[in-house]
Amino acid sequence: SKQHEHFSKLERDHGFLTIKQQHANLKGKLQALEEMILQLADELQYHKKEVQVLRSEKETLESVLTMKT
């Protein structure tokens, strides 16, 4: 029937929309994850540098102490 045809088209369109929405949602989640990964990588770099600075200070202090004793 004509009405049945119309309904199945609506169903199809809705299904397609749902897939499009899921795709957009997934894309958004992936972008958010990528941003988080970049932020974490930046933080990691910062902390690595910080560790290098602290190691260097430690070595300096150790050499000063050995000169004093």
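**A charged pair and its setting**

Mentor: Lys58 counts as exposed, with a relative accessibility of 52%, where exposed means over 50% relative accessible area, buried under 20% and partly exposed in between (1.4 Å probe, protein chains only). The model is predicted, so local features need pLDDT of at least 70 and side-chain atom pairs count only at pLDDT 80 or more, while totals for chains, interfaces and linings use all residues. Residues are numbered from 1 along each chain as its sequence is written, and side-chain values use heavy atoms, with hydrogens and water left out.

The partner of Lys58 is Glu62: the two form a salt bridge, their closest N and O atoms lying 3.3 Å apart. A salt bridge here is a side-chain nitrogen of Lys or Arg within 4 Å of a carboxyl oxygen of Asp or Glu; by this rule the count is 1. Glu62 is partly exposed, at 39% relative accessible area. Both residues belong to helix H1 (residues 2-68), 4 residues apart, or about one turn of the helix.

As for the setting, the chain has 1 helix and 0 strands, these being DSSP runs numbered from the N terminus (helices H or I, at least four residues; strands E, at least two). Of the 69 residues in the chain, 0% are buried. The accessible surface comes to about 7100 Å², 62% of it belonging to carbon and sulfur atoms; such areas come from the Shrake-Rupley method with a 1.4 Å probe, and for residues only the protein chains shown count as cover.
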